[in-house]
Amino acid sequence: MEKKAPVKAPKAASKIMPPPNDLTSCEATAQMLAKARRDGVVLDIDRAVNMKACPIGADSACCKHCSMGPCRLNSKDPYGKVGVCGATIDTIQARNFGRMVAAGSAAHTDHGMAMLELFREVVTGKIKDYRIKDPIKLRDVAKSIDIETDGKSDEEIALELYAELERTYTQVDGEIPFMKRVPEKTLETWRKLGIVPRGAMREVVEMIHRTAIGVDQHYENITKQASRTALSDGWGGSMVSTEIADILFGTPSPVVGEVNMGVLKENQVNIIIHGHEPNLFESIITSVHEPTLVQAAKAAGAEGINLIGMCCSGLEVMQRHGIPHAGNFSSTEAIMVTGAVDAMGVDIQCIKQGMAKVAECYGTYLFTTNTRCRIEGAEHIELDEHDPQVCTDEIVIRAISRFKNRTRPIEIPQITNTGVQGFSYEYINYMLGGSFRGSYTPLNDNIINGRIRGVAGVVGCTNPRVRQDEVHVELVRELIKNDVLVLQTGCSQIALAKAGLCTPEAAYLAGPGLSEVCEAVGMPPVLGLGACVDNSRILMAASEMVKVGGLGDCLADLPVAGAAPEWMSEKAIAIGQYFVASGVFTVFGVTFPIVEGTKFHKLLFDGLEHQGLGKWGFTPDPHEMAQMMIAHIDKKRKALGIDKARDRILVDMADRRELDVA
Ligand code: NFS
């Protein structure tokens, strides 16, 4: 077959570009970046080199909420100027921050509402392609919000649960249902501060209203609403999404998953699903097993149909079905450079518009499937959950036709890593305590006796402004070496899986206490809990640690810390704020949209902790980040009176070489 050169993207990189390996620590992505450059195609990673970030915007020192501006303040002299309306730097930063929280919370809320709507249609029999797969979880979730389950059928419970959980979004007054899961003392603090969320829609609307010109002009009051909005996400929008996905598609338990671009197969029809809602993926699983489509693929000369995930969609199904995962956010354009992606279906969130151009260059069929997300240049095949196979079969048919007519040269990086994924909150309970006495007590005991120093949630995106995966991996290596158990979600989880840290064998990289626990239980030192909405599983795990006892009375007492080392999305800011408001010290890397030394900065990075909440931290350096988190964990251990003398270990170059298991 004649091999065509890829269609050139219109604008080539405009200057001498850094070597690919300087921009990504993912070997497969680097290989594809080098190929893209040879092919004259510009990827996101190179666009980031060419696009200098606006320094005023990066500091959040500008306001464009009305047409008297946009007003730009001077971040070197933040109090030297005010906006035309008189807004100070603190008001401007708090408003910008509040709107990021609102956007991020709205994303998770809208995703969660779609899941709940799907649940309602399934329960009322209007949708027949999905069903309740985990009735035990259905009953557990219902009981957790005081719905009586004895003597009731699954359908009756499901209908009541739907009606109750709908309040998470639509309620205008009162507390959202999952407030019943919050440790009592944490809830008391929120009530005192007036930040208990009512309904997510109400909180998001109020956040947007209050940050409009001439409304809320006190940074402390704006921040309160930011906390309330973020809590409606973490304990509302996201949590409902996770719970309903588990009820409909199954609660994850450990599976061995393959990651990295080597999961593409040259002699098979390769289909990638990328985005966030699990429905599209769950339905296409049925399509790729449909005998007539399998036969059509074989008739086209393929050995089979190879279904693969990316980003959070990929995590949803890797943790439930063990479906291979090709990479995280910074690899979604690069993977098409292989020439081996026959079709990519995307639904919502984190889908770069640039993908359409790259797809065109390499002849990949790129399909949008959700009514809320269309991309100029991509074909739209809408997924209707009432008859989902219409969409997913079509994607498979088109992928087969592309396979048959492949004209682009194929180059697949031959790198595959394996790891164990799928550690739900429920599985951790079972893993630690067994089926008859499932409990978080062994975790608490091991924290109290010092084998485990504390727990860190390392989550979030990759960002082409930093060397892909490196900050995640370096940070986690240092944390586990210091006996900190790491819980993971999102693109971070894939970075760690690629680095080989999601295997039980990686326990040898942990400090002596953590490795002893890992060996006894047979678990990796890094536990992958799923997609970004599954950060709610981390909240549940932390709440259980409080309820089990011995580690304080509220979430803020726990020896835990969080990080999003390579964040980029507003969703990450919403997540960060709900962790902070829940009581967790949360450190972000890359950049932070704030002017240091301002009153707003002091509030986020210090003041919130004095109100009984957590606080923010920032550093782009993974080793400093680890030390900040460990210092915080040690501070909490000391306050709990469980601080045995222990040294913080700095990972030096020799250690790093030894740790290099990738
Ligand atoms: Ni989270 Fe998932 Fe990845 Fe970041 Fe985007 S895919 S929801 S936002 S980039 S972790």
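A residue is called buried here when its relative accessible area is under 20%, exposed when it is over 50%, and partly exposed in between, with a 1.4 Å probe and protein chains only. By that rule Ile447 is buried, since its relative accessible area is 0%. This residue lies in helix 17, residues 441–448, where helices (H or I, at least four residues) and strands (E, at least two) are DSSP runs numbered from the N terminus. The C-alpha atom of Ile447 is separated by 9.4 Å from that of Val484, which stands 37 residues away along the chain.

The model is a predicted one, in which local features need pLDDT of at least 70 and side-chain atom pairs count only at pLDDT 80 or more, while totals for chains, interfaces and linings use all residues. Residues are numbered from 1 along each chain as its sequence is written, and side-chain values use heavy atoms, with hydrogens and water left out.

Seen as a whole, the chain contains 25 helices and 15 strands, and its C-alpha trace spans about 70 × 65 × 55 Å along the principal axes. For 662 residues a compact globule would have a radius of gyration near 26 Å, and the 24 Å of the chain agrees with this; the radius is taken over C-alpha atoms, and the globule rule is 2.2 Å times the number of residues to the power 0.38. Of the 662 residues in the chain, 63% are buried. Helix 11, residues 278–288, is largely enclosed by the rest of the structure, because ten of its eleven residues are buried; among them are Pro278, Leu280, Phe281, Glu282 and Val288.

Which protein atom is a donor of the nickel atom of the ligand? The only one is the SG atom of Cys532, at 2.3 Å, and Cys532 is found in the loop between strand 12 (526–528) and helix 21 (535–548). Donors are N, O and S atoms within 2.8 Å of the metal (3.2 Å for Na, K and Ca), and water is not among the atoms, so sites may look incomplete. The nickel site has four donor atoms with angles of 92 to 144° among them, and it is irregular. Four donors count as tetrahedral if all angles lie between 85 and 135 degrees; four count as square planar and six as octahedral if opposite donors are over 155 degrees apart and all others between 65 and 115, and anything else is irregular.

Several points of the backbone deserve a look. Most residues other than glycine have a negative phi, and most peptide bonds are trans. Gln349, however, has a positive phi of about 70° although it is not a glycine; Gln349 is found in the loop between strand 6 (343–346) and helix 14 (354–362), and at 17% relative accessibility it counts as buried. Val590 likewise has a positive phi, near 65°, and lies in the loop between strand 14 (585–588) and helix 23 (599–610), where Val590 is buried with a relative accessible area of 17%. A cis peptide bond, with omega about 0°, joins Gly69 and Pro70, and Pro70 lies in the loop between strand 1 (62–63) and strand 2 (71–72).

The loop between helix 9 (200–210) and helix 10 (219–249) holds Ile213, and Asp216 lies in the loop between helix 9 and helix 10 as well. Ile213 is partly exposed at a relative accessible area of 38%, whereas Asp216 counts as buried at 9% relative accessibility. From C-alpha to C-alpha, Ile213 and Arg95 are 9.7 Å apart in space and 118 residues apart in sequence, while Asp216 and Arg95 are 8.5 Å apart in space and 121 residues apart in sequence.
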